[in-house]
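Colleague: I would like to learn how to read a few features in this model. Please give me the rule, then the case.

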Amino acid sequence: MAPGSTILILLLLLLLGVPAAPALGDPGPLEDVVIDRYYIPKICLREVQMGDFIRYHYNGTFKDGKKFDSSYDRGATVAGVVGVGRLITGMDRGLQGMCVNERRHLIVPPHLGYGSIGVAGLIPPDATLYFDVVMLDIWNKNDKLQITTLSKPEHCNRTVENSDFVRYHYNGTLLDGTPFDSSYSKDSTYDTYVGTGWLIKGMDQGLLGMCAGEKRSIIIPPFLAYGEKGYGTVIPPQASLVFSVLLIDFHNPKDGVFLEHLEVPESCKRRAVTGDFVRYHYNGTLMDGTLFDSSYSRNHTYNTYIGKGYIIPGMDQGLQGVCVGERRRVVVPPHLAYGENGAGNKIPGSAVLVFDVHIIDFHNPADPVEIETVYRPEDCNVTTRNRDFVRYHYNCSLLDGTKLFSSHDYEKPQEVTLGTNKVIEGLNSGLLNMCAGERRVLIIPPHLGHGESGARGVPGSAVLRFEVELISMEEGVPEGYLFIWHGDPPANLYEQMDLNKDGEIPADEFSTFIKTQVAEGKGRLMPSSDPEKVIADMFQNQDRNQDGKITSEELKLKSDEDQEKIHEEL
């Protein structure tokens, strides 16, 4: 037969599965373990080496597929050390170089398994063993904590130290990715002290040096976790743990309030102290930036006394010494805020609070009007008093510069008789003792302004700033008087007032007489922008029966009327 025909027949026999002739040679028993790496993960951070501790699952079968053992059937992984003789030689060799989550088929010949003796009742002598193995965990007694920073805030003023109280979210998995716990599923952070034995050693170490808002991956070997015992049914013995941690906030029980001065006005004549009433805007956030409250959203300042227990202790302290217009960040630890219980559904228990505040104004209930004279004429001999009639220009604003009102928006200056409750008390006080042409700045506290309720366009409890300029002034008359004589009134007043001598005085005759007295300097009317109305009011007061004329019996001086009242009281 030709040589080519012999080769063709041999290939046909192999393809058809027909046993080759004995003369072609039998490979005989295996010399070493046969390894089939049928699944290799894309990422392999570590391979099994001699002396490593491992955890793995396996199924063990014979060549015919009959199962002789399985870790799955026992419901527990196998843990051991590679290369120290605790495993059959074939497994020692077959497991080396494996990655976590790698899967292998191993064929272990008898001399690397249980040899000619076997295992009574389980593995016959000279049995070749077939293993399907998945690697779950690898570690070494020389391992250290593995910390990877996944993200970190740009600004980090402080990091976690031993004895700090931390609040963090986490996902916990085994090294093969099997989840065993998560704070997210509980919708609550994990809250605890660091370095005081309340945590496994690996977490105690892994949290040190973290910033609020930082995210880390922490891989903890078993001897820094739950070791040989594991934990319940979720963490097997000798399991490495992987934690993805997001630090929400932290503080120390010894912490006080932390202040950061973001913006302080160049001019700060006064700083707030205990007992002052402060109006301020704020944004309140947790340390991770979660907003829990804002006065801006309500379009209304928060108004309160400081240092008197009306607000949380941390803010009572944090607002001390503020200036009007200042922007300040106040970081308040929970023991100076809402403590372990938190507040509502927006402030968790043991939460550190961050307040960004903007001081609009403040005052003290004992404050007087603050008067600053900007300009005063040199020839200032006559100054304003109560009952004087004044004309003045003004600009009114809040202390943060918000414009409220201005007389310049109208055609003429503001006019008022001082001391007649026609303007707020603080403005009335600020207009006293002024000269014509004088300019002042008045700071008026709310109890001398519009009070807690405010007014149209004026917020409640607002401190007001007035820029005033006195344009002119007219000397006033005593309270209750519409006209006063500069000397003694005529003895025969009625006869002189009765110009046509008909025994009665109508309104026009009365008006003519009063105007003549004023023109001749014998008396003066109560200052007013409408003298005719003042005279009409005088006539109405004297026309007691309202018949349109004054009789001699009706005409009485104000001084005489006051004297009659005194006698009546006596």
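Modeller: Start with aromatic pairs. Rings of Phe, Tyr and Trp (its six-membered ring) pair if their centres lie within 6.5 Å; planes under 30 degrees apart are stacked, over 60 edge-to-face, and the rest tilted. A search of the whole structure gives 25 such pairs. In one of them, tyrosine 226 and tyrosine 231 are tilted, at 5.0 Å centre to centre and 40° between the planes. This is a predicted model: local features need pLDDT of at least 70, side-chain atom pairs need 80 or more, and totals for chains, interfaces and linings use all residues. Residues are numbered from 1 along each chain as its sequence is written, and side-chain values use heavy atoms, without hydrogens and water.

Colleague: Which residues form one aromatic cluster?

Modeller: Tyr56, Tyr58, Phe62, Phe68 and Phe131 do.

Colleague: Why does tyrosine 226 count as partly exposed?

Modeller: Buried means under 20% relative accessible area, exposed over 50%, and partly exposed in between (1.4 Å probe, protein chains only). Tyrosine 226 has 32% relative accessibility, so it counts as partly exposed.

Colleague: Which residues form a nonpolar patch with Tyr226?

Modeller: Patch members have over 30% relative accessible area and no salt bridge; nonpolar side chains (Val, Leu, Ile, Met, Phe, Trp, Tyr) are joined within 5 Å, like charges within 9 Å. A salt bridge puts a side-chain nitrogen of Lys or Arg within 4 Å of a carboxyl oxygen of Asp or Glu. Areas come from the Shrake-Rupley method with a 1.4 Å probe; for residues, only the protein chains shown count as cover. Here Tyr226, Tyr231 and Val234 form the surface patch, with about 290 Å² accessible together.

Colleague: Where does tyrosine 231 lie?

Modeller: Strands (E, at least two residues) and helices (H or I, at least four) are DSSP runs, numbered from the N terminus. Tyrosine 231 is in the loop between strand E11 (215-220) and strand E12 (241-251). The chain has 10 helices and 28 strands.

Colleague: Which residue has a positive phi although it is not a glycine?

Modeller: Arginine 387 is one, at about 85°. Its loop runs between strand E19 (370-375) and strand E20 (389-398). Arginine 387 counts as buried because its relative accessibility is 15%. Serine 461 also has a positive phi, about 60°. Serine 461 sits in the loop between strand E23 (439-444) and strand E24 (464-474). With a relative accessible area of 6%, serine 461 is buried.
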